[in-house]
Amino acid sequence: MYSMILRRFPGIGSGSLFQQSRQVLSAGGPVVAAPFRSISTTGMVALPYEKRLGPKGWPRYNSVVFPPQSLDEKRRPAYVCHMKTNIKYSPWKMWYVASFIRGMSVDEAILQLSFVNKKGAGFVKQTLLEAQELAVQDHNVEFRSNLWVAESFCTKGVVVKGIRRHARKRVGLVEYFHCHYFVRLEEGVPPKHFYTPQPDGPTLLQRWINDRRSQRVYGSF
Amino acid sequence: MIAFREVVRKNSLLLTKSNSYLFNSLGYVAPNAAFIGQDYKIQVRFGSTKHWNPKWKPFRRLKVIKVDLPDFNEAAESKNYSPDEVRAKMKERGMSPPRPWMERPFEISSTSDIFEPYVPPEGDGKASYISKEGAKQSAEMVSKKSKTWLAFRKIRNFDEDFEGKHFAAEAQKIYLNVHKAVSEKDKNTLRVLVTEKAYPEVTLNMRSRTIVWNFLDTIEEPRVVHARCTDVIQKENVFAQITCRFFTKQSLAIYDRFGRLAHGSEVVAKDVLEYVVFEKHLANQYGEWRVHGKIIPEWAPTNFETSYRTFRMSN
């Protein structure tokens, strides 16, 4: 893996709603107008009345700046990290969708997700499309199709607890799970096998032969 | 889920308590002519396990206490809410609006614009002084300087040691230091060398990339080209803006986030003609000459070699 020199960068762009609510009550923005661009920074944007919940570390990988490469070095592939937080879907169910697209090219993954019959697939597809946009606009990726899913995983998010009644004044807990979905797109051609493939006939045969050859019969002549 | 049920057969039709079963079931049995007109029971398979009497369903639904789940991705979807919608949403959640006396931030040590910007003559930097064209240009510049001289006089009211001739050299030092700070990403030094208006413009292009810049040579000596004085709000609060012309040799290489060359070259030197505006808050005793902005003429070249961007052609 490449060495990550993490730097502290301030959050890029403030939520459009936050800026708007300021404008509602004040007479316009600051005099020294800073050039802002509203980037879809999921999880880092909050409404004025909301506390910022959720993970913050994953998008920080996008701020890492690598030193200039020498001429004999192989061209470093670009990557972009993106996430969607607090999706109303179970993390255990989302795991299937996240595992499904690992190692696929972006186009393939988006196409496949359109036909996966799960609620989480829609969210993952949205995240992939946003990540693709970010890669082209901000991270100097020339071709939007020249990306593949290098990392794709999900974690548990906010759990809202509710109750349900049972017979005889008994109470049961109902948990409403949310999940966070993280993806890292890397520039280049996807690897031939991300997951270890099923061994083919000749490989299996060779393994069997090797096992048999290494067999020892103890106590024999 | 397959269930077995006993079904009462009446007459020649397969009748159940709910007639929809006739079409939903997997095990539809064709009427046998021998049994027509007689009642009997047979076992039939059904695909659905839905209860034939859903009277307990609403009671089961009521057992779960409904919870209003907040939409965590509401803000992230960046819907442009109107002010009324924002107010309504905040009211729903029972949040009071922000205090009405929110101060509007404004800067007192720099202006927000370049006043009466200098218009550089077309073809500047292309003709040499010796040629007819070049000589005419330099002559024109001297004659149009009346307002500039007045501005200099005003500056001398506050700063007796000020001399227009010596200012250009001083200005170039600041200009070079700014570029050095940008390439080293030294924000602390940059704060002092650059006004509040220019700071975001300079730093926005510093982020997420490495800039390798070298100053090689001065082609033409820097000279003051334009000067104006303005007062902001009060007559005594005077700001001075001086435009200097720099014609230098520089090399610039910009590497993107991943260390790949995105623009320019470390080896190739380029002739750079720039009109840089310096500002000083004269009324402030601690005011300094700082870079306030650049004048980019309309005839400036726009065909910069950058890394390729590929677009999809619309059909």
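Just after helix 6 of chain B, B:Lys185 adopts a positive phi of about 60°. Helices here are DSSP runs (H or I, at least four residues), strands likewise (E, at least two), numbered from the N terminus. This is a predicted model, in which local features need pLDDT of at least 70 and side-chain atom pairs count only at pLDDT 80 or more, while totals for chains, interfaces and linings use all residues. Residues are numbered from 1 along each chain as its sequence is written, chains are lettered from A and ligands numbered from 1 in the order in which they are written, and side-chain values use heavy atoms, leaving out hydrogens and water.

How far apart are the end C-alpha atoms of helix 6 of chain B? They are 31 Å apart, which agrees with the 30 Å that its 21 residues, 164-184, should span at 1.5 Å a residue; the expected span is 1.5 Å times one less than the number of residues. Among the buried residues of this helix are B:Phe167, B:Ile174 and B:Val182, where buried means under 20% relative accessible area, exposed over 50% and partly exposed in between (1.4 Å probe, protein chains only).

Let us turn to chain A. An open sheet of three strands has the order 1-3-2, with antiparallel pairing; two strands pair if DSSP finds at least two bridges between them. Strand 1 (79-87) and strand 2 (147-165) of chain A each have a single partner strand, so one side of each lacks a neighbour in the sheet. Strand 2 and strand 3 (residues 171-187) of chain A pair over 16 bridges, and A:Phe182 in strand 3 is the bridge partner of A:Phe153.
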